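Take a look at the sequence and the structure first, and then let's walk through the contacts together.

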Amino acid sequence: MKKFKDADMQVIIGWVLRLGVLISITIVFLGGIIYLWRHGHMLTHYAIFKGVPMFLQTPGGVINGIFNFRGQAIIQAGIILLIATPVMRVIFSAIGFIMEKDYLYMGITLLVLAIIFISMLSGHAG
Amino acid sequence: MSIITFTLILLLGSYLAGLLGSLTGLGGGFIIIPLLTLVLHVDIHYAIGASLISVIATSSGSAAAYVKEGITNIRLGMFLEIATTIGALIGATIAIYMSANYIAILFGCILIFSAISSVIKKSEHITSEKSYLAEKLKLNSNYPTSAGVVEYSVVRVMGGFFMMIFAGLISGLLGIGSGALKVVAMDGIMRIPFKVSTTTSNFMIGVTAAASAVVYLQRGYIDPGLSMPVVIGVVLGALTGSKILVGSKSSGWIRWMFVVVVTVLAVQMIYNGATGKI
């Protein structure tokens, strides 16, 4: 196998980002059509912050909503995938640095992942 | 207002925001948040959530193109992402406890700063000065130009790093890419060539926004009914913008128009924030 180089990593990162955006926007679009079809005639409620509906607040709720064909749950799944796209890019960079045997940057990349993970946990607390 | 009307207005507004944001390089968030709060009277916390999502989509899309050209300095981006993600985490946490009017005032100030810095002519400076940290971290690199490969060095690494914590904090607090602040850190402090600093800044924006988006998501600030038209509109607008950019060279008047629009919006945000109307 030929040596894994920075240029190879650039190609892979490019694809991860492009595919992630494409897939998630498609899901958001499909969910949006279902949402408008079912709720389009209702009134908006964004003036006061109340948080998103209960069924969207847990991963289980979102998955359940997708199977029940709820537009908002499908949109939310697309949004979560979109947020995951740059995170996937970081994971692929970490793998790339391991393959290049660049352990300093492997460490730096893992540190960035750890900070994002802490952000995820901090959202739950309090 | 019914959901369908609201969605269509937001879709059109987001399309224009994405178009202008990509033509000027300032990003769509600058128009999305005033549009949502001033025009559609949406709570600013929801607006920040929706804007963050659109920031992730546009920066990831354009980063994909830049990375393949080999201009982006991936190591520099990864190293500085430590700073921006820490900042983003702090910013998102503060935003949750900060009242809407303070956020609006701060947003207006950053908006004016970004508009001004976007029209100031920047001088290109390529340094070959050696810095110990930059060597250790393998930050010095090169990039392709029409005149051949240009080698460059990076200086004042720690100064740039601390500026990036601030840029990340503003991004997490206000739901924007804060590209202007990232360019201050890379261009002004670390002396990185302009083309490298803009593409690398763009490369980092997605991860920075993701770090704060997870906080907003779990607090219930990311509403699907808002995010859907915003993200679709901004992405389509940015795509149109990138097609126009390839075709024409002079975007001088667009930039000035954008600065005027942004300044008016900024003053409105500050006024409404100060009088407690937001």
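Is Pro59(A) buried or exposed? Pro59(A) is exposed, because its relative accessible area is 64% and over 50% counts as exposed. Please keep in mind that this is a predicted model.

- Helix α2 of chain A is where Pro59(A) lies.
- Between Pro59(A) and Gln76(A), the C-alpha to C-alpha distance is 10.0 Å, and the two are 17 residues apart in sequence.

**Helices α2(A) and α3(A)**
- Helix α2 (residues 59-67) and helix α3 (residues 71-99) of chain A have axes that come within 7 Å and cross at roughly 125°.
- α2(A) and α3(A) are therefore oblique to each other, and their crossing is left-handed.
- From α2(A), Val62(A), Gly65(A) and Ile66(A) meet Ala73(A), Ile74(A), Gln76(A) and Ala77(A) of α3(A).
- The residues of this contact between α2(A) and α3(A) comprise five nonpolar, two polar and no charged.

**Helices α4(B) and α9(B)**
- In chain B, the axes of helix α4 (residues 74-97) and helix α9 (residues 194-218) come within 8 Å, crossing at roughly 30°.
- The crossing of α4(B) and α9(B) is right-handed.
- Residues of α4(B), including Leu80(B), Glu81(B), Ala88(B) and Ile96(B), meet residues of α9(B), among them Phe203(B), Met204(B), Val207(B) and Tyr216(B).
- The contact of α4(B) with α9(B) is made up of 14 nonpolar, six polar and one charged residues.

Definitions and conventions. Residues are numbered from 1 along each chain as its sequence is written. Chains are lettered from A and ligands numbered from 1 in the order in which they are written. This is a predicted model: local features need pLDDT of at least 70, side-chain atom pairs count only at pLDDT 80 or more; totals for chains, interfaces and linings use all residues. Side-chain values use heavy atoms; hydrogens and water are left out. Axes are lines fitted to C-alpha atoms, for helices over the stretch in contact, and angles run from 0 to 180 degrees between N-to-C directions. Helices (H or I, at least four residues) and strands (E, at least two) are DSSP runs, numbered from the N terminus. Angles under 35 degrees count as roughly parallel, over 145 as roughly antiparallel, 65 to 115 as roughly perpendicular and the rest as oblique. A crossing is left-handed if the near helix is turned anticlockwise from the far one by less than a right angle, and right-handed if clockwise. Contact means heavy atoms within 4.5 Å. Ala, Val, Leu, Ile, Met, Phe, Trp, Tyr, Cys and Pro count as nonpolar, Asp, Glu, Lys and Arg as charged, and the others, Gly among them, as polar. Buried means under 20% relative accessible area, exposed over 50%, partly exposed in between (1.4 Å probe, protein chains only).
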